[in-house]
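Hi there,

Have a look at it first, then read on.

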Amino acid sequence: MRAFAELLDRLVLTPQRNAKIRLLTDYFRATPDPDRGYALAAIASTLSLNAVKPALLRELVLERMDEVLFRYSYDYVGDLAETISLVWEPTADADRKEYDLSLGAIIHQLQSVSRSEVRALVRSLLDQMDSSSRFAFLKLVTGGLRIGVSARLAKQAVADVGGRDIGDVETLWHGLSPPYTELFQWLEGKAEKPALKTPAVFHAVMLATPVGDNDLASLDPADFAAEWKWDGIRVQLANLGGTRRLYSRSGDDISGTFPDILEAADFEGVIDGELLVGGTSRTNRATRTFSDLQQRLNRKTVSGKMLEDYPAFVRGYDLLFSGTTDIRSDGFLARREKLANLVEAASPVHFDLSPLVPFSTWEELDHLRSEPPDPVIEGIMLKRLDSPYTSGRAKGPWFKWKRNPYNIDAVLMYAQRGHGKRSSYYSDFTFGVWTEGDGKDVLVPVGKAYFGFTDAELEVLDRFVRNNTIERFGPVRSVRAEADFGFVVEVAFEGINRSGRHKSGVAMRFPRISRLRTDKLPRDADRLETLIAMIDGVKLT
Amino acid sequence: MKPDALLFPTPRGLFCEVGQFYVDPVQPVERALITHGHADHARSGHRHVLATRETLDIMRIRYGEDFCESEQVAVLGERLAINGATVSFHPAGHVLGSAQIAVEAQGTRIVVSGDYKRRRDPTCLPFEPVSCDVFITEATFGLPVFHHPDDRHEVAKLLTSLRQFPERAHLVGAYALGKAQRVIALLREAGHDAPIYIHGALTKLCDYYQTKGYDLGDLRPATIVGKDRQIFAGAVVIGPPSAFADKWARRFPDPVSIFASGWMLVRQRAKQRGVELPMIISDHCDWAELTQTIREIAPSQVWVTHGREEALVRWCELQGIAARPLHLVGYDDEGE
């Protein structure tokens, strides 16, 4: 437990992705089975434990502590699990039974304990652990580690243990279960690659590289097919051997969130496509925006009304398995023909085919990319006609060519110090635009950006923040932002949605600072109305 | 004599009327008794200062030759009459030179503990309990959440990180007096004998510790020699916490931000400060040490000052010990 607790303590405070991976990889290498597998399960949220209610924990701590002192402590720390882990003091007559405090043993006990024995078990375990382990334990049993590590990052670290590609781990993932002993044994070269029992497992998806300068010059348009890049989420839908599953691009099983899609998938095979909401092309109704799709994402239960108001469908891009036959080594056109036949026979409200975009020159395609015919299109995909379906992001067979980003001019309002390399720089910026408030123009924050600028530009921004600070709130500073004095930046972003969570009512996707507009005064910056018009798809000149 | 008449708070600090002196005054006074050299306790500009040899030396290093008009060395354990009062200094275990001050008159004794801790510290003398009628305790970490771990374990975390991230500079923020030298001494004890790079603000104080016989090993200035930043890769760099938010920190390759402080116990505090590796090392008592000290000294009254007075007062009430908060202004617990 102690090694796991120390890992969590480090991860929660480590901002850099590569540093997190190294901490995880070192832990997986140094920790024996089954502990490391349970740790992986805890981090990737695949561990099922009978949750311990916060009320029970509170009762346990108050058995031995004054309520007033507990309240002072809780008010100060602000997190129940952390407070209890810190204030807990073993009593003199504590249970002297020696427990095995390895992570695996603790999880085993929690899984096998009867309801009536939970209280005594938790009390004894808390008595025997150190503070850091108590914290990890309490986070584990109350559900929710919240350490800023995604399942994908954990899988990357697992893959690194054996020097494998993350695609290999993702493909195996859903066929395995905690404590993943056979996975680690294989990665360490001590066992064969695990054989999968369930056929409908996830197959690592094929990814495209962005079109770079001069990439296209040496390529012949006749070798490529073009199709629209739709703004939904990339999914893999599998129905093999009687098992149906819907996976996100990274291999998370999202079947439970989309029962409508699962039910309609009455064909055998594995489709790669875009999950969207609205109407399919086959029903002649419009595809709806990403913000509508967001209404359906990350839900544990889906109401009938939700299914009716936000109908989901899959727009087919590719076919990996036709029936039970793996056709990934066939060429793109051959696979697409089989995909077209499959979609044709499937439910018209739940499936359609992503159309090909005819073109003969790159210039023509560039023009189409800049002015796509549908607001839910975010660019063009280019696929080599003879390309087999290979997992990962190899350069050559597939390219993505995004439409130009949106741009606005905004005013810097707040800045926060960065992390790691940037910890001595104010590098995270909140910017705002003008809107009317109390009869006069005021700035309202519309987004945050911490990249897009060069190192030299960061020096300029940092200097401005340090020289023009008005107030400090911990690591955050507010800076001068008046109509005639302040700092204007050009913000580029990929899309914009309505948002009830933000004061401004809008939320940008992937905003970054694309230029410093030292030539402009804050009064020249954009207005909130301009942003709202972008949501509504109004063309602005 | 009633304790309230022997010592009482005034805007200038804690005052002893029969002795005509202040303890750790926050404004210039005629006669000051100083517990230790931290800036919020030891200020310049008093006329006469009584303190331990080390505290007087530290004040001179920080404020210059004319930090007061006349100074007098307090020898630990010796009783000294000042007007109608008798005083004695006893080790407090906080930092080098730190002392508790016992003030006595007409059969009443009050111990002003200043800042203190009970753990072993290789860079200062250990705390000595002194029996008294009133014990004035600090309460910087006066909440039951504060249980400082073994400092050797905290140092081991740093050493592990040096092995895991040998390409990164490890920047340790530590208070310039006491904490910095203690962290260095603990690193040396743990076998880390590589050069440690220090911020300019630490140089004189570290030199002073070395002249007093505390071996801090190979210390070097954390300035760029030539253009080779790589000398800091995998090295420990120590400076005052404020320096790491400053442009000064930009010279180091991909730094790991570390802070050695008792506050680092609470994860959210570490997170807010952007600390990547917290080292929970404190020069104050944790909750268990505060309560154990009060039990051990068994005074008839406890006065609680700077920190979280309410929790410690509550604990005393539950134990049947008379206690009250003593509101003193001007002491800063955030620098710890």
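A definition to begin with: two strands pair if DSSP finds at least two bridges between them. Strands themselves (E, at least two residues) and helices (H or I, at least four) are DSSP runs, numbered from the N terminus.

Before the findings, some housekeeping. This is a predicted model, in which local features need pLDDT of at least 70 and side-chain atom pairs count only at pLDDT 80 or more, while totals for chains, interfaces and linings use all residues. Residues are numbered from 1 along each chain as its sequence is written, and chains are lettered from A and ligands numbered from 1 in the order in which they are written.

**Chain A**

In chain A, strand E9 (residues 377–384) and strand E10 (residues 398–402) run antiparallel and share five bridges. One residue pair to look at is A:Met381, whose bridge partner in E10(A) is A:Lys400. Helix H17 (residues 362–370) of chain A packs on the sheet and touches E2, E9 and E10 of chain A. The direction of H17 makes about 150 degrees with that of E9(A); axes are lines fitted to C-alpha atoms, for helices over the stretch in contact, and angles run from 0 to 180 degrees between N-to-C directions. "In contact" is used throughout for two residues whose C-beta atoms, placed from the backbone, lie within 7 Å.

The sheet in question is open and mixed, with four strands in the order E1-E10-E9-E2 of chain A. Its edges are strand E1 (209–210) and strand E2 (224–230), each of which pairs on one side only.

Four residues of domain 2 of chain A are in contact with four of domain 3 of chain A.

Elsewhere in chain A, helix H3 (residues 35–43) packs against helix H7 (residues 103–112) at an angle of about 65 degrees, their axes being 7 Å apart. H3(A) brings A:Asp35, A:Tyr38 and A:Ala39 to this contact, and H7(A) brings A:Leu103, A:Gly104 and A:Ile107. By class, that makes four nonpolar, one polar and one charged residue. Here Ala, Val, Leu, Ile, Met, Phe, Trp, Tyr, Cys and Pro count as nonpolar, Asp, Glu, Lys and Arg as charged, and the others, Gly among them, as polar.

**Chain B**

Chain B has eight helices and 19 strands, and its C-alpha trace spans about 65 × 45 × 30 Å along the principal axes. Its assigned domains are domain 1 (3–145 + 284–325) and domain 2 (151–279). The C-alpha centres of these two domains of chain B are 29 Å apart, and 14 residues of domain 1 of chain B are in contact with 14 residues of domain 2 of chain B. On the domain 1 side, six of these residues are nonpolar, five polar and three charged.

**Where the chains meet**

Happy exploring!

Technical notes:
Domains from an automatic or database assignment.
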